[in-house]
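Hi,

Here is the structure I said I would pass on to you.

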Protein chains: 2
Amino acid sequence: MILSKSCVYAIRAALYVTANGKGSYVSIREIAEKLDIPFHFLTKILQTLTENNLMTSFRGAKGGVALARAEESISLIEIVKAIDGMDIFKECVLGLPNCGFDRPCPLHDEMVGVRDQIKQTFEQTTLGYLAKKTKDNNFRISALAISA
Amino acid sequence: MILSKSCVYAIRAALYVTANGKGSYVSIREIAEKLDIPFHFLTKILQTLTENNLMTSFRGAKGGVALARAEESISLIEIVKAIDGMDIFKECVLGLPNCGFDRPCPLHDEMVGVRDQIKQTFEQTTLGYLAKKTKDNNFRISALAISA
DNA sequence: TTAAATTAAGATAAAAGAGTCTTAAATAAG
DNA sequence: CTTATTTAAGACTCTTTTATCTTAATTTAA
């Protein structure tokens, strides 16, 4: 698994908010139920996104979370950075410290390309783009059966 | 981390055996010390490789492990398969079950390529090739400083 | 035959990741 | 003002991965 479960939950939740939160706050309970994510666990994860200025939150009745900025300006890598950190894009596949051009591991050449490609994908993919793509193609962001 | 720590240990140990085990058994203690891997932990991992017919082992004094087949005939994917399983090459980046051409997640298109590329790399890279490359270029398979 | 070396196997422990539960604080609405 | 709703925060539990420890079994060689 490239991303931690927390990070996957964060991305899926952010997509849900992008797609369903136009103009108002979305309650974490709703997100948790719709995406089949443990509520309290998701609460913590979204708190981290809020701390990292990717979301804003609002307490109390009618409270919830919302994107902190325009959906086209938030790319997935910001979420990954907040939850899993950027080290996952630098890590040596054989776990050797300071693996790189200078001191490569035997697999460095083979892996550096795909790793950069993954990083680029996360850099270039915005919540806005991905939410639109998800809607247009009726893609799913939950394992749950689609409810009308 | 794409591969588990166990899997990384397995690959590095297999490379060490390939490079240093010509014709005879290499003791697990030696591998563990040279590669800075916990001995008992490595023992279990190599037992798994032995159970999967990738290595043979020999008990008692002068015992150790050796490759079960010619080094050019063992590709990294066999080690990955034995330790982490093949699911890591099928897993959806967003953790959705049955993500694929039929029921893709929003990131499926972006990820399917790199995932296949990683898989191909492990399929095509043999222990023989990698050990030779490691020797020729003086690459390292351990975090430890190189000892004369 | 005995001692040393070495893998095999199983129990246990430590660490990290994932998930749950409870209480506090804030907000809206009656 | 009170109640219901909702996020914040912290403690706690569970599971998986990683690591350690002990004993058994096997083999070599003195």
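In this predicted model, the side chain of Ser142(B) comes within 2.9 Å of the backbone nitrogen of Leu144(B). A polar atom of that Ser142(B) side chain also sits 3.3 Å from the backbone oxygen of Lys34(B). You'll find Ser142(B) in the segment that follows helix 6 (127–136) of chain B.

Is Ser142(B) buried or exposed? Its relative accessible area is 7%, and buried means under 20%, so Ser142(B) counts as buried. Leaving out residues up to four places away in sequence, Ser142(B) touches Leu96(A), Arg12(B), Lys34(B) and Leu35(B).

Now try another serine, Ser73(B), in the loop between strand 2 (64–67) and helix 4 of chain B. Ser73(B) has a relative accessible area of 37%, so this residue is partly exposed. Its side chain reaches the backbone oxygen of Ala70(B) at 2.8 Å. Ser73(B) and Leu127(B) are 54 residues apart along the chain, yet their C-alpha atoms are separated by 7.8 Å.

Last up is a pair of helices. In chain B, helix 1 (residues 5–20) packs against helix 4 (residues 76–83) at an angle of about 140°, and their axes are 9 Å apart. The crossing of these two helices of chain B is right-handed. On the helix 1 side, look for Ser6(B), Cys7(B), Ala10(B), Ile11(B) and Ala14(B); they meet Leu76(B), Ile79(B), Val80(B) and Ile83(B) of helix 4. Sorted by type, the residues of this contact are eight nonpolar, one polar and no charged.

Cheers

Methods
Residues numbered from 1 in each chain as written. Chains lettered and ligands numbered in written order. Predicted model: local features only at pLDDT ≥ 70, side-chain atom pairs only at ≥ 80, totals over all residues. Heavy atoms only, no water. Helix = DSSP H or I, 4+ residues; strand = E, 2+ residues; numbered from the N terminus. Buried < 20%, exposed > 50% of the residue type's maximum accessible area, 1.4 Å probe, protein only. Polar contact = N/O pair within 3.5 Å; in protein donor to acceptor, adjacent residues only side chain to side chain. Contact = heavy atoms within 4.5 Å. Axes fitted to C-alpha atoms, helices over the stretch in contact; angles between N-to-C directions. Left-handed = near helix turned anticlockwise from the far one by under 90°. Nonpolar A, V, L, I, M, F, W, Y, C, P; charged D, E, K, R; others polar.
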